[in-house]
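Open the model in your viewer and keep the selection panel handy. We will go from stop to stop, with something to pick at each one.

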Amino acid sequence: MNGRRLPRLLWRAVVAAFVAAFYVFLFAPLVVVVGASFDGGEHAFLNFPPRHLSLAWYLKIPGRYFETLWVSLQLGVVAAACSGVLGVMAALALARGRLPGAGLMAALFRAPLQIPVIVTGFAFLQLFYLASAAGGVPLVGSFAGLAIAHVFITLPYVIGTTAAILQRVNPSLEEAAISLGATRWRTFRRVTLPAILPGVYAGALYAFIVSFGDVPVSMFLAGSRYTTFPVEMFYGMELNFDPAILAMSTLILVGSFAAIWAVQRFLGLNTLLGTGAGS
Amino acid sequence: MSSVTLAGVTGRYGDFTALDAIDLEIAEGEFLTLLGPSGCGKTTTLRLVAGFLEPSRGRVLFDDEDVTHRPPNRRQIGMVFQDYALFPHMTIADNVGFGLRERGVGKAAIRRRVDELLDLVRLPGVQQRYPAQLSGGQRQRVALARAVAHPPRVLLMDEPLGALDLKLREAMQTEIQRIQRTLAITTVYVTHDQTEAMNLSDRIAVMNQGRIEQLATARELYLKPRTRFVADFVGKINFLPVTVDGYAGPDAHAVGLGTAFRVADGAGRPRGPCLLAVRPEQLRLSPAGTPADGCNALDGRIVDVRYSGNLVRCEVEVAGGTPVIVETGPDDPLATAGTAIRLAWAYDRCTLLDDD
């Protein structure tokens with residue numbers, strides 16, 4: 001019996017070691033950032049492990065970080081919401097409509113993922129210059145300009161997740177609703193939308209994350225009035241690095257984990273799937 | 001409840017003609033089944049009645065009302081799908097009440113009606129459950145309750161028992177028939193299962209390649225099939241190649257396989273080659289050399305015997321090597337492989353068909 005158990009234990013140990021190594025690989029950089037943020041030394045270096053435990057740098061986080069964080073949060077929500085609505089419409093048209101050239105359109109909708117973001121940023125900058133020259137619409141350095149570009153880069157995520165789930169929604173569900181007297185809109189509202197909602201939420205969440213983390217596109221389009229948080233951080237690291245950035249990063253990290261926990265807790269994808277089995 | 005009329009209806013998917021100028025009248029309260037192999041146009045016909053497909057020619061009438069161009073949500077139909085199509089995110093009560101709610105019925109009235117319908121399909125007390133918590137048979141009952149809730153002018157069922165196993169399918173046939181008769185609701189039922197069609201229907205339309213081959217009661221289809229396709233699709237049947245060579249009153253004389261035959265009511269057949277069709281259970285085994293008095297007879301030899309409990313199925317080789325299937329009682333002493341026998345059948349138990 002021992003002869004058979006031993007290899008299994010060994011095998012388990014190997015798996016455990018691999019998993020542990022994997023987590024170290026994932027979390028070590030975060031641990032360094034968080035740890036170093038609590039170092040109270042006067043020198044603006046990265047000290048890990050921290051030598052003088054202190055919250056000093058947390059008190060020295062410049063106000064512009066919070067201002068740009070607010071911009072980024074707003075931008076993320078707007079981009080996720082717009083991409084959500086447009087993405088659902090596009091996915092429905094592609095999956096359920098009888099459009100000529102639907103395949104070509106699907107490829108076009110995926111294009112933003114295939115263009116290097118730096119090119120996208122530059123292209124939008126040129127476009128916005130042209131637009132302001134032609135119609136005097138100042139889009140560069142404005143919230144609207146950033147939002148438009150962010151919808152562009154986040155839309156494929158919503159279309160992707162929504163189309164994927166839409167393909168698994170039985171078309172006879174919609175026909176059943178129609179046969180029972182529901183209009184197209186009521187069918188969408190009462191049957192299709194609840195069925196694809198998990199995909200829409202997942203896509204919108206991706207959209208928010210992509211928008212919130214974007215540097216290359218925003219860098220081109222941000223101005224003195226509207227800069228996003230990651231762009232501000234990027235310039236901070238480039239021009240005058242100090243541990244306040246680490247402190248701010250730690251706060252963001254805490255916020256992200258809280259958000260993920262809340263999503264799991266209140267919008268858990270299992271309950272969103274909504275068969276209600278076991279609930 | 002309404003009668004349903006299809007007048008010269010043609011249905012196309014792109015260039016493919018799925019339905020070719022169909023005429024069909026379904027009486028008020030009738031249970032009509034569209035029977036045929038896959039691709040015969042039966043589902044297309046159902047979708048035309050439902051309004052999910054618009055005919056490229058012809059008209060669809062409910063009673064005397066032309067509904068050809070009316071969208072399905074305004075046709076007052078009830079539909080049952082093979083995969084049930086229950087809304088997974090809604091309770092059973094919300095599923096069954098869906099059509100009522102869309103019609104603006106009040107909450108209390110919906111609740112009463114849902115209770116009543118769940119009693120009708122013998123599933124009381126499942127109101128607050130979700131579809132995923134029910135078995136296949138239970139889901140199909142809910143689907144049926146939902147389809148008849150409003151109540152519809154016509155009930156359409158697309159292979160509703162296709163996903164169930166045999167025992168459950170038989171039980172559900174009885175249920176469907178009971179509910180259909182209780183509500184006296186005009187019903188169009190689609191299936192490829194001839195037993196199901198025969199058990200359930202007032203009339204059956206056998207379809208093939210976008211056309212109705214024969215529209216008749218189960219008995220008539222079985223005993224008097226009008227085409228080779230119908231004879232072959234509904235039940236088992238033997239075809240013997242013969243040539244009509246004369247008439248005797250209402251009957252026809254034919255020769256084939258070196259034998260002369262007589263077919264009751266065959267006088268309508270023109271002279272020339274055709275098929276003599278006879279069901280396996282209409283053939284009797286008798287010892288070789290038995291005089292054929294007052295019936296058709298054909299000599300042969302049993303080459304294979306299969307016992308299946310309630311009957312024995314023999315394969316008989318007759319002149320020209322044609323195999324003929326005979327079904328006889330399980331205790332028939334002649335049913336042994338190798339026996340030379342004479343097959344006998346009454347003049348009115350066979351029919352002549354075109355060899356198409």
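**A tour of chain B**

Start by selecting R101(B), K107(B), R111(B) and R112(B), which gather in a patch of positive charge on the surface. Such a patch joins like charges within 9 Å, from residues with over 30% relative accessible area and no salt bridge (a side-chain nitrogen of Lys or Arg within 4 Å of a carboxyl oxygen of Asp or Glu). This is a predicted model, where local features need pLDDT of at least 70, side-chain atom pairs count only at pLDDT 80 or more, and totals for chains, interfaces and linings use all residues. Residues are numbered from 1 along each chain as written, chains are lettered from A and ligands numbered from 1 in the order written, and side-chain values use heavy atoms, without hydrogens and water.

Next, color helix α3 (residues 107–120) of chain B, which gives the largest share of the patch, 3 residues. R101(B) sits in helix α2 (residues 92–102) of chain B. R101(B) counts as partly exposed because its relative accessibility is 47%, between the limits for buried (under 20%) and exposed (over 50%), with a 1.4 Å probe and protein chains only.

Now move to strand β19 (residues 340–345) of chain B, where 5 of the 6 residues are buried. Strand β15 (residues 284–287) of chain B pairs with β19(B) in the antiparallel sense over 4 bridges; pairing takes at least two DSSP bridges. Strand β16 (residues 296–307) of chain B also runs antiparallel to β19(B), joined by 6 bridges. Finish on R342(B), the bridge partner in β19(B) of S286(B) and of D299(B).

Technical notes
Patches are made of residues with over 30% relative accessible area and no salt bridge: like charges are joined within 9 Å, nonpolar side chains (Val, Leu, Ile, Met, Phe, Trp, Tyr) within 5 Å. Accessible areas come from the Shrake-Rupley method with a 1.4 Å probe; for residues, only the protein chains shown count as cover. Lys and Arg count as positive and Asp and Glu as negative; His and the chain ends are not counted. The place of a charge is taken as NZ of Lys, CZ of Arg, CG of Asp or CD of Glu. Helices (H or I, at least four residues) and strands (E, at least two) are DSSP runs, numbered from the N terminus.
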